[in-house]
Structure formats: C-alpha cells, structure tokens
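Thank you all for coming. I would like to walk through one model with you this morning, beginning with the overall layout and then turning to the contacts between side chains.

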Amino acid sequence: MNATRRGILTAAPIIGAGVLGVGFWRMLSDMRSGAFDPRAIKNPNVGKPIPSFAMPGLPGLGDGFTDAELKAQHRPVLVNFFASWCIPCVAEMPGLRAISRNMPIWGIAYEDKPENAAGFVQRDGSPYARVASDRHGRVAIDWGVTGVPESFLVAPGGRIIWHGSAALDPQIYEAEIRPRLAGL
C-alpha cells in the first residue's frame with residue numbers, strides 16, 4: 001500500500017505540470033493564430049440594467065453620481081473605470097478625450113485615493129462629464145469589473161449594451177461602440 005501511495009504522490013505533480021503545460025501551449029498557439037484574445041472578458045452584466053449605487057465625487061470635480069442619475073440620461077453614456085496608478089489608464093486618456101467629443105463619458109475612480117484620482121483627471125484635461133469615486137471597489141464588483149481600465153456603454157434607461165476590458169481609443173470607438181449607438 002505504501003508503494004502505491006508513494007507512486008501516486010510522485011505522479012500527481014508530474015501529471016499536473018503536464019496538464020498546465022498543454023494548456024499554456026494551447027493558449028500561446030491560439031494567441032499566435034489570433035484565436036485567443038486575453039482582453040476578451042465576457043461580462044455577465046451586458047444586456048442587464050446597471051446595478052444600484054451612489055458614489056461621492058472627487059475633490060474639486062463635482063458631487064459624484066448615482067444609478068438613478070445615469071438611468072435618467074436621454075442619450076447613451078460611456079462609463080469608464082480608471083485609476084491614477086493604472087498605466088493603461090494613462091495611455092487611454094488621449095483616446096477618451098477624443099471620444100468625449102462624440103458622447104458623454106462618466107468616470108469612476110477605482111480603488112484610488114480621491115486626491116490622486118482628482119490630480120490624474122485634471123492633469124491633462126478631463127474627458128469626463130461626471131466623475132465619482134469607488135474608493136473601496138464595491139461598485140466595481142457589482143458592475144463585474146475585473147481590472148482597470150474597463151468601460152461600459154449604458155443605453156438611456158440604464159441597460160448595459162457593451163463592455164470593453166482594455167484601454168479605449170478612437171479605433172475601438174469606431175469599430176465597437178459607434179455601431180451600437182447607431183442601433184439605438
């Protein structure tokens with residue numbers, strides 16, 4: 001019995017490493033062929049109403065906002081989760097400023113110190129029509145956010161119709177967001 005147990009304990013890590021290796025090799029092969037996109041995160045809230053929330057604003061940038069204010073909008077709103085400590089968020093800001101010329105963007109500072117987030121937004125010009133602070137990330141959890149930056153297109157009335165889990169730029173806006181706006 002001891003020999004069998006020793007064999008199982010020896011083989012288990014080897015088999016586990018082999019399974020992980022095959023999975024990793026398959027993921028890399030799919031990435032090379034274009035069949036795997038690590039940013040293609042499926043958010044379960046797409047097609048559903050936005051969650052209930054109320055968030056404070058950032059210092060010097062207004063009062064924040066609530067789900068009721070977002071639902072009351074008569075045109076679509078792009079909701080963008082960001083953070084001052086997020087390198088892709090820094091890279092995304094010029095693209096957001098360009099997109100904000102076409103539609104309103106409401107920003108939510110994710111797990112960030114309010115003074116850092118306010119400084120980040122004000123540094124190069126804010127793309128946001130409204131800004132709120134989700135200091136502890138509880139609202140982000142309800143939205144299904146897995147990291148920053150992430151954005152959601154919210155239709156009038158408060159239904160989420162699109163989700164993106166990468167930094168936005170005008171090309172993504174034209175390819176993925178504008179067609180959905182045309183369908184409203």
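Before anything else, a word on how I use accessibility: buried means under 20% relative accessible area, exposed means over 50%, and partly exposed is what lies in between, with a 1.4 Å probe and protein chains only. What you see is a predicted model, in which local features need pLDDT of at least 70 and side-chain atom pairs count only at pLDDT 80 or more, whereas totals for chains, interfaces and linings use all residues. Residues are numbered from 1 along each chain as its sequence is written, and side-chain values use heavy atoms, with hydrogens and water left out.

Let me begin with the layout. The protein has six helices and seven strands, where helices (H or I, at least four residues) and strands (E, at least two) are DSSP runs numbered from the N terminus. Read along the sequence, these elements follow the pattern α-β-β-α-β-α-β-α-β-α-β-β-α. Of the 184 residues of the protein, 38% count as buried.

I turn next to the charged pairs. Side chains of opposite charge can pair when their charged atoms come close. The rule I apply is that a side-chain nitrogen of Lys or Arg must lie within 4 Å of a carboxyl oxygen of Asp or Glu, and by this rule the count comes to four salt bridges. One of them is formed by Glu69 and Arg130, whose closest N and O atoms are 3.2 Å apart. This pair links distant parts of the chain, since Glu69 belongs to helix 2 (residues 67–71) and Arg130 to strand 5 (residues 130–134), 61 residues apart. Glu69 counts as partly exposed because its relative accessibility is 31%, and Arg130 counts as partly exposed too, at 26%.

Arg130 also has an aromatic contact, in that its charged end sits over the ring of Trp106, 5.0 Å from the ring centre; for this I ask that NZ of Lys or CZ of Arg be within 6 Å of the ring centre and within 35 degrees of the ring normal.

Another salt bridge joins Asp124 to Arg123, with the closest N and O atoms 3.8 Å apart, and both Asp124 and Arg123 are exposed.

Asp169 caps the N-terminal end of helix 6, with a side-chain oxygen 3.0 Å from the backbone nitrogen of Gln171.

Now to the cysteines. A disulfide is a covalent bond between the sulfur atoms of two cysteines. With a disulfide taken as a pair of cysteine sulfur atoms within 2.5 Å, the structure holds one. The partners are Cys86 and Cys89, with an S to S distance of 2.4 Å, and their link is right-handed, with 80 degrees about the S-S bond. Cys86, at 3% relative accessibility, counts as buried, and Cys89 is buried with a relative accessible area of 0%.

Finally, the aromatic rings. Rings of Phe, Tyr and Trp (its six-membered ring) pair if their centres lie within 6.5 Å, and planes under 30 degrees apart count as stacked, over 60 as edge-to-face and the rest as tilted. How many aromatic pairs does the structure hold? There are nine aromatic pairs. In one of these, Phe81 and Trp143, the ring centres are 5.8 Å apart and the planes stand at 65 degrees, so the pair is edge-to-face. Because Phe81 lies in strand 3 (residues 77–82) and Trp143 in helix 5 (residues 138–143), the pair ties together parts that are 62 residues apart in sequence. Phe81 is buried, with a relative accessible area of 0%, and Trp143 counts as buried at 0% relative accessibility. Ring pairs link Phe53, Phe65, Phe81, Trp106, Trp143 and Phe152 into a cluster, and Trp106 is the residue whose ring lies under the charged end of Arg130.

Terms used
A polar contact is a pair of N or O atoms within 3.5 Å; within protein, one must be able to donate a hydrogen and the other to accept it, and residues adjacent in sequence count only if both atoms are side-chain atoms.
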